[in-house]
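Here's a quick briefing to read with the structure open beside you. Have a look around it first, then work through the points below.

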Amino acid sequence: ISCVNNTPVMELIRGIRNKFNELVPGLEDGGMTAMALGLSHSLSRYKLKFSPDKVDTMIVQAISLLDELDKEINTYSMRVREWYGWHFPEMGKIVTDNMQYARVVLKAGVRKNMHDMDFSDIMAEDVEEDMKKTCEISMGTEISEDDIKNLSALCTQVISLSAYRVQLSDYLKNRMAAIAPNLSVMVGDLVGARLIAHAGSLMNLAKAPASTVQILGAEKALFRALKTKHDTPKYGLI
């Protein structure tokens, strides 16, 4: 079937659309409006789903979640140190890494068990020896089994969140390499993702002038300087 597309055909289709309520029996006056609204919603969803401008949304969400995870991990790690510090206060200066600290607490429990345990898979040998010597002369108080149970649950949360953070960081690195490889090479994956998040999208960042990109991340300081008539900030995220 050969299709004809010319001015008379377009005029005919326009006339059918205008008189559609009269040509189709039983169609209410609001029927065409509802049909047009449904069609427009479907087209909008289709364009939004396949829009090439929305591929950076995943980067914005990932970097926001990564920053929130860092705050949560730091908060939980400090809580573990403060809580277990009542039992073994000297360990805080010996084991400085938060992940190692949580894994040691989860594996050992009370400090008297540390002397006969092997921590070579967690820390260096010299740090392990120092910790075992110190645990025998520690000035910390004794804690109950319920305390250790709740501490172990908190340490498990710290370890699982840290593992998920590593996975999310790898995901963000791969997304940045696929969507904004030049930006990743110039400023790094994390800084590039934060620039995209602050700008709103990769397209907005590409259209922004150099003066705007320079102070991205220092908006509060900029408005405070303008309000107090002081010098404006020279640096933001970069």
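Searching the whole structure turns up seven salt bridges; a salt bridge here is a side-chain nitrogen of Lys or Arg within 4 Å of a carboxyl oxygen of Asp or Glu. Keep in mind that this is a predicted model, where local features need pLDDT of at least 70, side-chain atom pairs count only at pLDDT 80 or more, and totals for chains, interfaces and linings use all residues. Residues are numbered from 1 along each chain as its sequence is written, and side-chain values use heavy atoms, with hydrogens and water left out.

- Let's start in helix 1, which covers residues 7–18; helices (H or I, at least four residues) and strands (E, at least two) are DSSP runs, numbered from the N terminus.
- Arg 14 and Glu 11 pair up there, with N to O at 2.9 Å, and they sit three residues apart, about one turn of the helix.
- Arg 14 is partly exposed at 36% relative accessibility, and Glu 11 is partly exposed too, at 47%; the cut-offs are buried under 20% relative accessible area, exposed over 50%, and partly exposed in between (1.4 Å probe, protein chains only).
- Arg 194 joins Asp 67, and their closest N and O atoms are 2.7 Å apart.
- Arg 194 belongs to helix 10 (residues 189–199) and Asp 67 to helix 4 (residues 57–85), so this pair ties together parts that are 127 residues apart in sequence.
- Arg 194 is partly exposed, with a relative accessible area of 23%, and Asp 67 is partly exposed at 24%.
- Helix 4 also holds Arg 79 and Glu 82, three residues apart, about one turn of the helix, and their closest N and O atoms are 3.0 Å apart in a salt bridge.
- Arg 79 counts as partly exposed at 48%, and Glu 82 counts as partly exposed at 47%.

**A nonpolar patch**

- Leu 12, Ile 16 and Leu 23 make a nonpolar surface patch of about 300 Å².
- Patch members have over 30% relative accessible area and no salt bridge, with like charges joined within 9 Å and nonpolar side chains (Val, Leu, Ile, Met, Phe, Trp, Tyr) within 5 Å.
- The areas come from the Shrake-Rupley method with a 1.4 Å probe, and for residues only the protein chains shown count as cover.
- Leu 12 lies in helix 1 and counts as exposed because its relative accessibility is 56%.

**Cysteines**

- The disulfide count is zero, going by a cut-off of cysteine sulfur atoms within 2.5 Å.
- Cys 135 is in no disulfide, since the nearest cysteine sulfur, that of Cys 155, is 17 Å away.
- Cys 135 is buried at 7% relative accessible area, and Cys 155 is buried at 0%.

**Around the end of helix 13**

- UniProt, in an unreviewed entry, lists residues 179–238 as "domain: Nop"; its positions follow the numbering used here, feature names are shortened, and annotations may be inferred rather than shown by experiment.
- That span is 67% helix and 0% strand, and its end C-alpha atoms lie 20 Å apart.
- Lys 229 comes in the segment after helix 13 (219–228), and has a positive phi of about 60 degrees although it is not a glycine.
- Lys 229 is exposed at 78% relative accessibility.
- Gly 236 is also in the segment after helix 13, and is partly exposed at 32%.
- Leaving out residues up to four places away in sequence, Gly 236 touches Gln 214, Ile 215, Leu 216 and Ala 218, where contact means heavy atoms within 4.5 Å.
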